[in-house]
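Please read them with the structure open.

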Amino acid sequence: MATIATVRRVRLAALLLLLLWVPTVFPVAWLCMKLTGNATPGLLVGGLWLLAFAGSGIAMAVLRCPQCGQRFVRFNWIYPRHCARCGFRC
Ligand SMILES: [Zn+2]
């Protein structure tokens, strides 16, 4: 069973990874392309970012509610504020 702090930390990480993907990965890819003339470092950064985003989605999917112990999210896993089962808010 997760603590309230764990739920908040995983939820924030998933949201930041989603929102910061474009403002982070595209400038890094552009800079790598300008400096090296090679697209591989930019593609690597973008791929690693997507893997981290997928990991945060998996972490949200397996997260347990601090109150009822059931899965915290059902469908809205980007920024869920309430438990999908008992409605516990954290
Ligand atoms: Zn619950």
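1. Helix α1 (residues 4-19) packs against helix α3 (residues 40-62) at an angle of about 150 degrees, the axes being 9 Å apart. Axes are lines fitted to C-alpha atoms over the stretch in contact, with angles from 0 to 180 degrees between N-to-C directions; helices are DSSP runs of H or I, at least four residues, numbered from the N terminus. The two helices are therefore roughly antiparallel (angles over 145 degrees).

2. This is a predicted model: local features need pLDDT of at least 70, side-chain atom pairs count only at pLDDT 80 or more, and totals for chains, interfaces and linings use all residues. Residues are numbered from 1 along each chain as its sequence is written.

3. On the α1 side, Val10, Arg11, Ala13, Ala14, Leu17 and Leu18 make the contact with α3, through Ala52, Phe53, Ser56, Gly57, Ala59 and Met60. Contact requires C-beta atoms, placed from the backbone, within 7 Å. Beyond its neighbours within four places in sequence, Ala14 touches Ser56, Gly57, Met60 and Ile78.

4. The largest nonpolar core has nine residues: Val7, Val10, Ala14, Met60, Leu63, Cys65, Phe72, Val73 and Cys83. Its largest share, three residues, comes from α1. Such a core is a set of buried Ala, Val, Leu, Ile, Met, Phe, Trp, Tyr and Cys residues joined through C-beta atoms within 7 Å; buried means 20 or more other C-beta atoms within 10 Å, exposed 12 or fewer, and partly exposed in between.

5. Asn38 lies in the loop between α2 (21-36) and α3. With 10 other C-beta atoms within 10 Å, Asn38 is exposed. Asn38 and Arg8 are 30 residues apart in sequence and 38 Å apart in space, C-alpha to C-alpha.

Methods:
Angles under 35 degrees count as roughly parallel, over 145 as roughly antiparallel, 65 to 115 as roughly perpendicular and the rest as oblique. Two residues are in contact if their C-beta atoms, placed from the backbone, lie within 7 Å.
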